[in-house]
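Here is a short briefing to read alongside your viewer. Take a look at the model, then go through the notes below by topic.

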Amino acid sequence: MSETNQHADREGETILSVRDVGKRFSGLQALDGVDMDVKRGEIIGLIGPNGAGKTTLFNCISGTFPPTSGTVTLEGEEISGLPSHKIARRGLARTFQITRPLEELTVVENAMVGAHIHTRRRSEAEKIAMEQLEFVGLADRATEEAGELTIGAQKRLELARSIATKPKILLLDEIMAGLTPSESKQMLDLFRQLRERGTSLLIIEHDMKAIMNISDYVKVLNQGKGIGFGRPQEIVSNERVIEAYIGGSDVDA
Ligand SMILES: Nc1ncnc2c1ncn2[C@@H]1O[C@H](COP(=O)(O)OP(=O)(O)OP(=O)(O)O)[C@@H](O)[C@H]1O
């Protein structure tokens, strides 16, 4: 069975659909015919060796740049080629590999940046932002300068900012990097709560144990191509996946 068709019959409403997506950077084919679906309330882990194309796929989905070929649809409507702010307004949020809050703003003002994509009213944005800070455990630090936060708290603020956009699907790019074990556990708990609310998550993460623990399904990229899709226990015993990791110079999620 091809990796694309495996589990194609899984149930639930498709939120995000990636079809035959390719991305070329001058001489380099960074993505080549990638297919993937994310259903409502699913957590999908996206893994692969360094340079596999994981962040490039996030960039193509979220509108940082358009794919060279193929389509991306959100709730059945094509979003490939739209600018990122329009994609965000339709319900797709993302975090970035290197997260830095606007240090001179307060914690709540940072979270309000997310809320402002839906409302221009400050009081309404502040209400939405405070709800999300409450969710990530930062409400009591709302008036502090964001630059004062520890790395772990900055990551939770980044999560609060992104969920303040009220996403149907959230793309998380190594948001657990640099967290202590207890902060990672707290982050995984937040992911589970988001799933319970019906938010879909697509997660790039270094920590293989965490990704296998949290994901409903795992998608594996290697050299720009999908080489595996399945339940975590299927992925860890998939020979193509093992070969891609052992054959590569580095093991990375
Ligand atoms: N803007 C760009 N211009 C040119 N090449 C790029 C660009 N972005 C990514 N690439 C190249 O595309 C390939 C895929 O990179 P990408 O960052 O998507 O991989 P990744 O799987 O996220 O890797 P890592 O785990 O190291 O972050 C790499 O060879 C990279 O050098």
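The notes below cover overall build, domains, the ligand shell and one hairpin.

This is a predicted model, in which local features need pLDDT of at least 70, side-chain atom pairs count only at pLDDT 80 or more, and totals for chains, interfaces and linings use all residues. Residues are numbered from 1 along each chain as its sequence is written.

**Overall build**

- The protein has nine helices and 10 strands, where helices (H or I, at least four residues) and strands (E, at least two) are DSSP runs numbered from the N terminus.
- Its radius of gyration is 18 Å, close to the 18 Å that the globule rule gives for 253 residues, so the protein is as compact as a globular protein of that length; the radius is taken over C-alpha atoms, and the rule is 2.2 Å times the number of residues to the power 0.38.
- The C-alpha trace spans about 50 × 40 × 40 Å along its principal axes.
- Of the 253 residues, 42% count as buried, meaning that 20 or more other C-beta atoms, placed from the backbone, lie within 10 Å of the residue's own.
- Among contacts with a separation of 6 or more, 67% come from residues 24 or more positions apart; two residues are in contact if their C-beta atoms, placed from the backbone, lie within 7 Å.

**Two domains**

- Domain 1 covers 1–91 + 167–253 and domain 2 covers 102–163, with bounds that come from an automatic or database domain assignment.
- Their centres, taken over C-alpha atoms, are 26 Å apart.
- Domain 1 puts 10 residues into the contact and domain 2 puts in nine residues.
- On the domain 1 side, α2 (84–89) and α6 (181–196) each supply at least two residues.
- That side of domain 1 has six nonpolar, two polar and two charged residues; Ala, Val, Leu, Ile, Met, Phe, Trp, Tyr, Cys and Pro count as nonpolar, Asp, Glu, Lys and Arg as charged, and the others, Gly among them, as polar.

**Ligand shell**

- The ligand is surrounded by 12 residues, and the closest are F25, A30, K54, T55 and T56; a residue is near a molecule if its C-beta atom, placed from the backbone, lies within 6 Å of it.
- β2 (28–39) and α1 (54–62) each supply at least two shell residues, and α1 gives the most, with three residues.
- By class, the shell holds four nonpolar, six polar and two charged residues.

**A hairpin to inspect**

- Strands β9 (residues 217–222) and β10 (residues 225–230) pair in the antiparallel sense over five bridges; pairing needs at least two DSSP bridges.
- V220 stands opposite G228 in β10.
- Two residues lie between the strands of this hairpin, where Q223 takes a positive phi near 50 degrees.

Methods: Buried ≥ 20, exposed ≤ 12 C-beta atoms within 10 Å, placed from the backbone.
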